[in-house]
Amino acid sequence: MKFAVLQFPGSNCDQDCLRAVRNVMGQSARMVWHKEETLEPDETIIVPGGFSYGDYLRCGAIARFSPIMDAVKKAAANGQAVIGICNGFQILCEAGLLPGALVRNRDMHFICETVTLRVDNSRTKITAHMHDGELLRVPIAHGEGNYTVDADTLKEMESYGQIVFRYVDENGEATEAANPNGSVSNIAGVCNREGNVFGMMPHPERAAEILLGSDNGKKLFDSLLSA
Amino acid sequence: MKDPAITPELIDKHGITPEEYEHILEILGREPNFTELGIFSVMWSEHCSYKNSRAELKKFPTEGDKILVKAGEENAGVLDIGGTMAVCFKIESHNHPSAVEPFQGAATGVGGILRDIFTMGARPVANLNSLRFGPIRGDSPEAKRNRVLLAGVVEGIAHYGNCIGVPTVGGEVVFDPSYNGNPLVNAFNLGILRHDQIRRGAASGVGNPVFYVGAKTGRDGLAGAAFASRDLTEESKEDRPAVQVGDPFMEKLLLEACLELFEHPEAVVGVQDMGAAGLTCSTIETASRGGSGIEVDLNLVPQRETGMTPYEIMLSESQERMLIIVKKGFEDEVRRIFAKWDLDAAEIGYVTDTGRTVIKVGDEVVADVPSRELADDAPLYHREVREPAGLKELQSYSYEAEFPTSPAADELSQQWVSLMGSPSLASKEWVYRQYDHQVQKNTVLVPGGDAAVIRIETDGGGERFIAMAADCNGRYCSLDPRRGSMIAVAESARNCTMSGALPIGCTDNLNFGNPHDPEVFWQFRESVEGLSEACRAFETPVTGGNVSLYNKNPKCSIDPTPVMAMVGLIEERGHITPSDFQSADHDIVLVGGEGSEMGASAYLYEIHGIKKGMPPEMNLEAEVKFQNAVRAVIHQGMVKSAHDISDGGLALALAESAIAGGIGFEVDLSGSTQRSDVLLFNETQGRAVLTVEPAQTESLLQQLQDAGIAAQSIGKTTEAADLQIKLAEATLSQPLTQLKAAYDEAIPAVMH
C-alpha cells in the first residue's frame with residue numbers, strides 16, 4: 001500500500017507517521033511538502049500531528065490554505081482514505097472535510113498520557129481489524145482536543161456510524177472521569193459520512209510497538225492494509 | 001539619536017568595574033564608544049565569560065575515550081555512543097528570566113538549549129529539566145507567587161518543547177524556601193548525530209560570507225546576559241524587557257532548515273547560535289575560534305522594529321536566530337533552503353584576516369574590537385572563600401539525640417503518608433502530563449521513574465538506548481556542598497544504572513548565590529571539587545554546562561544547587577529496566593544494606609521541619625562497585641524492576657515502585673536491630689530495591705554477595721492492594737489507594 005504523509009511547517013509527527021508506516025508496517029511511504037499540489041490516486045493520505053504554522057491563529061486554521069489541501073479534497077472526493085491525527089484532525093475539521101471543531105481542553109492544560117479508547121464502529125477502513133466495543137490503549141498529546149459539534153449534527157453522525165472511537169474507562173464505560181479533554185460525548189475519533197475521511201486525537205503511530213508501551217495502534221494500520 | 005558620553009556612572013551601570021575598564025582601554029588603545037562598551041559589558045558578564053567561576057571549572061575532568069568534542073570547545077560537547085553515532089548534550093539555566101516572567105523565561109530557556117544542540121549538527125531528541133521553587137502550599141503571598149511561578153514555568157516549557165516536537169522525557173522538581181522569589185529553571189537537551197555531522201562554530205576562510213538566518217531582530221532581551229549576572233532584587237521586575245520572547249514555531253523552521261543545510265557539509269564553514277549576547281557573542285566567538293576577523297553591516301540585519309541603534313542591534317537577545325559562515329559560492333544554496341522554510345537568510349558580512357570584529361552601519365564603523373582578546377582575555381577572578389558561619393554546628397546535629405526513641409507504628413504510618421504527600425517527594429504527574437513526552441516515537445521509559453530512556457535508531461537498522469537523569473539535593477549541598485555534590489553525581493549515575501545503563505558522561509548546571517560573598521564562593525569551590533572527584537570516580541567526563549550565580553532573594557542565597565544531568569548508554573533492548581513493580585509474587589531484594597543515616601534527610605525536613613545534620617556519607621569507590629554489581633545482574637536479565645533508595649529512604653522507594661506498578665507488597669524487616677524510624681526513612685547511599693522472580697533470587701543474592709555487596713530478600717510483591725512493612729514491634733499497613741492518593745494529589749490539590 002502507498003502512503004503519503006503531509007508535511008506542513010510546524011508538523012512534528014510527520015517523521016513518526018512515516019516511520020510507523022515504513023518500518024513497522026513495511027509499506028511504502030513518501031513525505032509530501034505542503035506547497036506541492038498533487039497526490040497520487042492510489043495513495044492513502046496521513047495528515048500528521050504537530051503545530052502547523054505554530055497553531056497561532058487557531059489550530060489548523062492556516063494549514064487548510066496550503067496548496068496541498070486542494071489535492072487532499074480531491075482525493076477525499078475520489079474516495080481515497082484520508083486520516084488526520086491530532087493536529088491533522090484539526091486541519092481536516094478546519095478544511096470542512098470533517099464535521100465539528102476542536103477547542104481548548106476542559107482544564108486548559110496540554111495533556112500527554114495513554115488513554116483507553118473504545119471502538120464504536122468496527123466497519124470502517126481503519127477499524128476493520130477490530131470489533132465493536134474493543135478497548136485500545138493509545139497515547140494522546142494535545143492542548144486543543146476538546147471535540148465539539150452541535151447537537152443535531154451529533155445525532156446525524158451517530159446515525160451514520162461516524163463516531164469511531166470514544167474515551168472510556170477500563171470497563172469500557174464512557175464516563176466523565178475517562179474523558180481527558182471534555183470532548184462532547186467522549187468522542188476521540190470520527191469519520192465523514194462516506195467513511196473515507198477520518199480524524200482522531202489519539203496517536204496510533206505512537207502505539208505501534210510494544211517497546212514503547214502499546215502496539216494497539218498497529219491494528220488501525222492493519223485494518224487499512226486489508227481494506 | 002546621539003550616543004551617550006562614556007562616564008563612570010555609565011560604565012558602572014554596565015556592570016564594568018574600574019579595573020575592567022582600564023583593561024578595556026588597554027585592549028582598544030583608546031576609549032570605547034557606547035556600542036563597544038555594551039559589547040564588552042555582555043561579553044565580560046559572568047554569563048558569557050565565567051570570569052568568577054572559570055578558574056574553578058578547570059578542575060572538572062573533561063577527557064575520555066568517548067569524547068568527540070570536549071567541554072568549552074564549542075556550544076555543546078559530543079560523545080561517541082558506538083558505530084557511527086554520537087550524542088550531543090548540555091544543560092543551561094534560565095533562572096533570572098523565569099523569576100520575572102515565568103512563561104517566557106522558561107520557554108526561551110528550552111529554545112536556547114535546543115539551539116545549542118542543533119548548532120552542533122545534531123537533531124534534538126530529548127529534553128529534561130530541573131526545577132526549584134519556594135513552597136507552594138499555604139496562603140502566604142510567597143506561596144501564591146510560587147504557584148504562579150510553577151504554573152508559568154511548566155506551561156512555558158510545555159509550550160516550547162511540545163510545539164517544536166522534542167519530547168520532555170524527565171526531570172525533577174523540588175520545593176524549598178531558599179528558592180522563594182528565585183526559582184531555578186535548568187533545561188537540558190540531548191541530540192543525536194553521526195560523527196561526520198559534527199559542525200563547528202568557527203569563522204575561517206577570508207572572504208567567506210557571513211549569513212544571518214532565522215527570526216528578525218527586535219528590542220527584546222536587551223542585554224539579558226548582563227541581567228542574568230547580577231542579584232535579583234525588587235527592582236528586577238523593571239528588567240522585564242531583558243526577558244526574551246520565544247517562538248517555538250520559528251525555531252522548528254530554523255531547526256529543520258539548518259539540518260537540511262547541514263546535509264550539504266561542503267556549503268557550511270561554521271555555525272553559531274545567537275543566544276546570550278546575540279549578534280555580539282556569535283560574531284566575536286566564531287571569529288575568535290577561527291583566529292580570524294569578521295566585518296558586518298547592521299543595515300543588512302533583518303529587523304522587526306524601526307530606529308534600532310547599533311547598540312540595541314548588537315545587544316538584542318531576540319530568539320531563534322543563527323549565524324552561519326558559508327563557503328563562498330554556496331550562497332544561493334543557503335538562500336534556497338531557507339526560502340523553502342519561509343525564513344530570512346541575509347548575507348550581512350564576511351570573514352577577514354584582521355583578527356578584528358568590525359561592525360558597520362553602511363560605511364560608518366560603529367564598533368571595532370579585537371575578536372580573540374574579547375572572547376578569551378575576559379577578566380579572571382579568584383574569589384575569596386570562607387566556610388559559612390555556623391555550618392559546623394548545623395552539621396553536628398544528631399537526630400537520635402533529639403528524638404531518642406522511634407515513634408510508635410501508628411505515627412510512623414502517618415508519617416509515611418505525609419512524606420509521600422509532600423510536594424518535593426510526591427508524584428510530578430501534574431507537571432509532566434503537560435509535556436509531550438512521546439513525540440518522535442522513541443520514549444521507552446517515560447517520566448516518573450529513575451531515569452528516562454529513549455531509543456536511538458542507528459545506521460543499518462540497529463538500535464541503542466540512552467538513559468538520562470538530572471539530580472541534585474540542595475539540602476545536602478547546603479549542609480555539605482562537597483559531599484552533596486558528590487551525591488548529585490552518584491545519584492544521577494545510580495538512576496541511569498537502575499535503568500540498565502552505563503553512565504558515560506554528564507553536564508552540570510551550577511546554581512549558586514552571589515560570588516562576591518565569600519561564604520557562597522566557598523560553597524561553589526567545595527561543590528566543584530566534589531563534582532570533579534565524583535566524575536573521576538565514575539569515569540564520566542563533564543562535557544559542558546552552565547554556571548548561574550547571583551541567585552538570591554532579599555532574605556538569603558539559594559541553597560547551593562549543582563544540578564547534575566547524567567547520560568548513560570544501554571546497548572541492548574533487554575537491559576532496559578523500569579523502576580515500578582512488574583508483577584505480584586516477585587521477591588523484593590534490598591541491596592546495599594539497611595543504612596542508618598538520618599542527617600539532612602527528607603524525613604527530618606518534611607516531618608520535623610529540621611534542615612540540619614550531616615548528609616549521608618559518600619564513599620565513591622563503594623558506590624561505583626555497588627552500581628557495577630547492580631548493572632551486572634540487570635544485564636543478566638534477572639532483574640524485573642530496579643529503584644534506587646534516595647529521598648525518604650526505603651519506605652518511599654518501596655511505595656513509589658508499588659504505586660507506579662499498581663502492585664502491593666509484604667516486606668518483613670522484623671529481624672532488624674535498627675530503630676524503626678531510622679530503618680524506614682534513612683538515606684544512606686549506595687542502596688536499591690530490586691525485584692526478581694523467586695526462582696532466581698538465590699542466584700541474584702549470591703552474585704551480589706560475591707561482588708561484595710550486601711543483599712537480602714526482604715519480602716514479595718502481592719496482588720493485594722495493601723502495602724505492608726513488618727517491623728520488630730508492629731506492622732505498618734497502608735492501602736495502596738491511600739498512599740497513592742497522598743502521592744498523586746499533593747501537587748494538583750494546590751495547583752487546581
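In which loop of chain B is B:Lys441 found? In this predicted model, B:Lys441 lies in the loop between α18 (429–432) and β14 of chain B. The phi of B:Lys441 is positive, at about 60 degrees, although the residue is not a glycine. Most residues other than glycine have a negative phi. B:Lys441 is buried, because 25 other C-beta atoms lie within 10 Å and the cut-off for a buried residue is 20 or more.

B:Asp585 also has a positive phi, of about 65 degrees, and is not a glycine. Its place is the loop between β19 (561–570) and β20 of chain B. The surroundings of B:Asp585 hold 12 C-beta neighbours inside 10 Å, so the residue counts as exposed.

Strand β20 of chain B belongs to an open sheet of seven strands. The order is β21-β23-β20-β24-β22-β25-β26 (chain B), and the pairing is mixed. Strands β21 and β26 (731–735) of chain B form the edges, each pairing on one side only. On average, neighbouring strands of this sheet are turned by 20 degrees against each other, direction ignored.

Strand β23 (residues 688–692) of chain B is largely enclosed by the rest of the structure, because five of its five residues are buried. In a regular strand the side chains alternate between the two faces of the sheet. In β23(B), B:Ala688, B:Leu690 and B:Val692 point one way. B:Val689 and B:Thr691 point the other way.

Strand β20 (residues 587–591) of chain B runs antiparallel to β23(B), and five bridges join the two. Here B:Val589 stands opposite B:Leu690. Strand β21 (residues 639–644) of chain B also pairs with β23(B) in the antiparallel sense, over five bridges. On this side, B:Ser641 stands opposite B:Thr691, and B:Val639 stands opposite B:Val692.

A helix pair in chain B was examined next. Helix α3 (residues 34–43) of chain B packs against helix α11 (residues 278–290) of chain B at an angle of about 75 degrees, with the axes 10 Å apart. The helices α3(B) and α11(B) are therefore roughly perpendicular to each other. From α3(B), B:Ile39, B:Val42 and B:Met43 make the contact. From α11(B), the residues are B:Thr280, B:Cys281 and B:Ile284. By class, five residues of this contact are nonpolar, one is polar and none is charged.

The largest nonpolar core holds 304 residues. In soluble globular proteins, nonpolar side chains tend to be buried together. Within this core, A:Val82, B:Ala467 and B:Met468 touch the most other members. Neighbours within four places in sequence aside, the contacts of B:Met468 include B:Ala126, B:Leu128, B:Val169, B:Gly170 and B:Leu190. B:Ala451, B:Ala452, B:Ala565 and B:Val567 are also among them.

The contact between chains B and A takes 22 residues from chain B and 22 residues from chain A. On the chain B side, α8 (141–164), α10 (248–262) and β14 (443–445) of chain B are the elements that give two or more residues. Helix α8(B) gives the most, with four residues. The chain B side has nine nonpolar, seven polar and six charged residues.

Key: Residues are numbered from 1 along each chain as its sequence is written. Chains are lettered from A and ligands numbered from 1 in the order in which they are written. This is a predicted model: local features need pLDDT of at least 70, side-chain atom pairs count only at pLDDT 80 or more; totals for chains, interfaces and linings use all residues. Axes are lines fitted to C-alpha atoms, for helices over the stretch in contact, and angles run from 0 to 180 degrees between N-to-C directions. Angles under 35 degrees count as roughly parallel, over 145 as roughly antiparallel, 65 to 115 as roughly perpendicular and the rest as oblique. Two residues are in contact if their C-beta atoms, placed from the backbone, lie within 7 Å. Ala, Val, Leu, Ile, Met, Phe, Trp, Tyr, Cys and Pro count as nonpolar, Asp, Glu, Lys and Arg as charged, and the others, Gly among them, as polar. A nonpolar core is a set of buried Ala, Val, Leu, Ile, Met, Phe, Trp, Tyr and Cys residues joined through C-beta atoms within 7 Å. Two strands pair if DSSP finds at least two bridges between them.
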